[in-house]
Amino acid sequence: MNYQQLAQRVIDGYVITDEEALAILESPDTELLAVLDAAYRIRYHYYGNKVKLNMIINTKSGLCPENCGYCSQSIVSTAPIEKYPMMKQQEIIDGANRAASLQVGTYCIVASGRGPRNQEIDIVVDSVKEIKEHHPEMTVCACLGILKPEQAQRLKEAGVDRYNHNINTSARNHTNITTSHTYDDRVQTVERAKEAGISPCSGVIVGMKETKQDVVDMARSLHALDADSIPVNFLNAIDGTPLEGTNELNPRYCLKVLALFRFINPTKEIRVSGGREVNLGHMQPLGLYPANSIFLGDYLTTDGQPGDDDKKMLEQLGFEIDLTPLQQASC
């Protein structure tokens, strides 16, 4: 396959076929640099060498009634994690101030659980209002689980710019990962955020015993959802979760997955997310040729690479931090 020609066709508006998508995932490792170069051609066309920085604050940990097989916070997990109820407003604001000092463009307010109680929405709403007063340029993303329409509207009115609710896997593979909510429940929450005028963020976790066709279907589903931001996580199997011991990935395949997501979602923010340190290892820098966004610092219950190391990585790649506010961003 001529990956460069395919990349140019995608820039010109072409939608790749399943056969072409699977060819990217199944390409021999000897063609990896050619695949990445072609994905970078698309990425550069829309984003140049800019990289968006995101930071998570885990405002409520554990205490979740859902049975997601990958998650250390779920009711079926025995992983020894810190558990605590919703943070106080000032703690959330302090986290935003720290994010701003590190040139983080998107601050992600995350809480475990099936969905937020109204009292938890109150805390997020009040926090976001104050954050926006001090950091009007900061993109604020909320990730609170399954939303009711009126909750989505309150978040929008408070100033939440983006809402994250990952589809995580394909519709076909969903029941192998969780049975306490449906795939359609997740899609509906993304649609509710969009209906409220909030930018949709939705992504996946790769490495959960899915097929390559599942990966293609996941990328296409996010294209159909018109998700503006797509976090691509790679399973970091945590002891004490049902997926404990699962180890299906290697760095080269992970890079091909990122390239595929760029080919199928050419104009969107593709974020190398959880598990990149474990699964990409020394090949992490190559992930930013197809992707244009990373998390800075730690994740929900697992450690990330030190922020200074990430910034050195960007500098050595010749990339620059993208500080464009969401309201002014365009592709």
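Reader: How many of the residues of strand S3 (residues 139-143) are buried?

Author: This is a predicted model, and in it both faces of S3 are covered, with Thr139, Cys141 and Cys143 buried on one side and Val140 and Ala142 buried on the other. Strand S3 is therefore mostly covered, buried meaning under 20% relative accessible area, and the number of its residues that are buried is 5 of 5.

Reader: Which residue in strand S4 (residues 162-164) is the bridge partner of Ala142?

Author: Ala142 belongs to S3 and has Ile109 standing opposite, where strand S2 (residues 106-111) pairs with S3 in the parallel sense over 5 bridges. S3 also pairs with S4 in the parallel sense, over 2 bridges, and there the bridge partner of Ala142 is Tyr163.

Reader: Through which helix does the chain cross from S3 to S4?

Author: S2, helix H5 (residues 118-134) and S3 make a right-handed β-α-β unit. From S3 the chain goes on to S4 by a β-α-β crossover that is right-handed, and the helix it passes through is H6 (residues 149-158).

Reader: Which residue touches Ile121, Val124 and Tyr163, among others?

Author: The residue that touches these three also touches Val125, Leu144, Leu147, Val160 and Ile198, not counting residues up to four places away in sequence, and its name is Leu155.

How values were computed. Residues numbered from 1 in each chain as written. Predicted model: local features only at pLDDT ≥ 70, side-chain atom pairs only at ≥ 80, totals over all residues. Heavy atoms only, no water. Buried < 20%, exposed > 50% of the residue type's maximum accessible area, 1.4 Å probe, protein only. Helix = DSSP H or I, 4+ residues; strand = E, 2+ residues; numbered from the N terminus. Pairing = 2+ DSSP bridges. Right-handed = clockwise from strand over helix to strand, strands pointing away. Contact = heavy atoms within 4.5 Å.
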